[in-house]
Every structure is written in C-alpha cells, then in structure tokens.
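The tour goes stop by stop.

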Amino acid sequence: MLSKKTYQFDFVPGLLEGRSLLQTSIQVNSKVVYFNITHLSLNPFLHRMQTKFIMNQLTEYPPSIIMGDFNMRPESEGWRKITRKGQDVWHFAGNGKGHTYPSLQPRLRLDYIFTSNNIEVTEAEVVTTHPKASDHLPLKACLHI
C-alpha cells in the first residue's frame with residue numbers, strides 16, 4: 001500500500017451523514033492503482049454531490065476502481081453520469097440482472113464496481129454463497145490493468 005485517504009462527504013455545513021470515500025493506492029507490478037470504496041446517500045441532493053465527487057476521482061486518479069453501495073439503479077441519472085467517465089463492470093462482463101439487494105431475495109442492483117476506462121473488464125459476478133452475511137450480496141470482478 002502506497003497511500004490511503006479518507007474523503008468525508010460533508011458538502012453541506014451542519015449536515016453530516018457519516019458517509020465518505022476511502023481511497024488507497026497500491027502498486028500492481030509497475031503501475032499504481034487507486035482503489036476506492038463508498039456508500040452513497042439516499043438523499044437525492046447529497047447523492048448528486050457525492051456522484052459528482054466520484055466522477056472526478058475516476059478521471060483524476062487513473063487507473064481507478066470505485067466500488068460499493070451506490071443506492072442507485074442502472075441507467076439512473078447518477079449511473080449515466082459515472083459511466084460517461086468510467087465503466088460499470090456489470091455492463092461489460094456480467095450475466096443476468098446483477099441484483100444485489102436484498103441479499104435473501106435480490107430484486108435491485110444497488111451495488112457497483114466502476115473502473116476508469118483504461119482497465120479491461122473480463123468478468124463480473126454476484127457472489128451468492130453467503131446471503132446472510134449482509135443485507136447486500138457482494139459483487140466481484142476480474143480486471144486486467
């Protein structure tokens with residue numbers, strides 16, 4: 001691990017949900033790759049601000065991978081904004097609908113892995129082996145950097 005940062009999503013003074021983006025940089029062979037994880041707000045105003053911040057991370061720190069609970073559906077406004085700057089791994093390599101929520105009877109796709117455009121996505125899968133571990137099912141991807 002080369003570095004780590006926490007970006008607090010405290011865009012509105014006095015309104016703190018405790019949400020953030022955690023970033024670490026790791027050297028993979030000779031390349032520095034930025035890994036990010038987040039959990040976005042359900043509040044539409046805050047969600048838009050958080051999405052804008054994430055879009056900047058994809059372009060400012062390539063190659064980048066950003067994953068987590070985005071609380072948005074595929075083809076939503078937020079999804080379209082992010083995929084203009086990066087790629088949704090499920091869109092490129094997933095099979096089926098990719099539903100991750102709720103874990104016991106998944107009906108929604110709220111969880112994503114987004115990558116910068118300079119990363120090749122070769123596989124994406126919703127992991128269903130331990131559905132009681134969380135209220136969301138995990139998503140995994142194979143990437144070529």
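In which helix do Lys-81 and Glu-77 both lie, and how many residues apart are they? Select helix H2, residues 77–85: both are there, four residues apart, about one turn of the helix. A word before you zoom in: this is a predicted model.

Stop 1: Show the side chains of Lys-81 and Glu-77. They meet in a salt bridge, 3.2 Å from N to O. Lys-81 is partly exposed, at 28% relative accessible area. Glu-77 counts as partly exposed too, at 42%.

**Stop 2: a buried pair.** Now select Arg-109 and Asp-88. They form a salt bridge, with the closest N and O atoms 2.6 Å apart. Arg-109 sits in the loop between helix H3 (89–93) and E6, while Asp-88 belongs to strand E5 (residues 86–88), so the pair ties together parts that are 21 residues apart in sequence. Are these two buried or exposed? Arg-109 has 6% relative accessibility, under the 20% cut-off, so it counts as buried. Asp-88 is buried as well, at 1%.

**Stop 3: Glu-17 and its partner.** Go to the loop between E1 and strand E2 (20–28), where Glu-17 is placed. Arg-19 forms a salt bridge with Glu-17, the closest N and O atoms being 3.2 Å apart. Arg-19 counts as buried at 18% relative accessibility; Glu-17 is partly exposed at 36%. For a distance check, pick Arg-84: its C-alpha lies 27 Å from that of Glu-17, and the two are 67 residues apart in sequence. The structure holds four salt bridges in total; the stops so far include those of Lys-81, Arg-109 and Arg-19.

**Stop 4: the largest pocket.** Which strands each supply at least two residues of its lining? Select strand E3 (31–39), strand E4 (64–69) and strand E6 (111–116). Among the lining residues are His-39, Met-67, Asp-69, Asp-111, Tyr-112 and Pro-138. By class, the lining has seven nonpolar, three polar and two charged residues. The pocket holds about 170 Å³ of space.

**Stop 5: a surface patch.** Select Met-1, Ile-26 and Val-28. Together they form a nonpolar patch on the surface, with about 270 Å² of accessible area. Met-1 lies in the segment before strand E1 (3–8) and is exposed, at 69% relative accessible area.

**Last stop: strand E7.** Select residues 120–126 and find Glu-120. Glu-120 is partly exposed, at 45%. Its C-alpha is 16 Å from that of Tyr-61, 59 residues away along the chain.

Notes
Residues are numbered from 1 along each chain as its sequence is written. This is a predicted model: local features need pLDDT of at least 70, side-chain atom pairs count only at pLDDT 80 or more; totals for chains, interfaces and linings use all residues. Side-chain values use heavy atoms; hydrogens and water are left out. Patches are made of residues with over 30% relative accessible area and no salt bridge: like charges are joined within 9 Å, nonpolar side chains (Val, Leu, Ile, Met, Phe, Trp, Tyr) within 5 Å. Accessible areas come from the Shrake-Rupley method with a 1.4 Å probe; for residues, only the protein chains shown count as cover. Buried means under 20% relative accessible area, exposed over 50%, partly exposed in between (1.4 Å probe, protein chains only). On a 1 Å grid over the protein atoms alone, a cavity is a set of points where a 1.4 Å probe fits but cannot get out, and a pocket is an open set with protein on both sides within 12 Å along at least five of seven lines; lining residues have an atom within 4 Å of a point. Grid points are joined across faces, edges and corners, and a volume is the space filled by probe spheres set on the points. Ala, Val, Leu, Ile, Met, Phe, Trp, Tyr, Cys and Pro count as nonpolar, Asp, Glu, Lys and Arg as charged, and the others, Gly among them, as polar.
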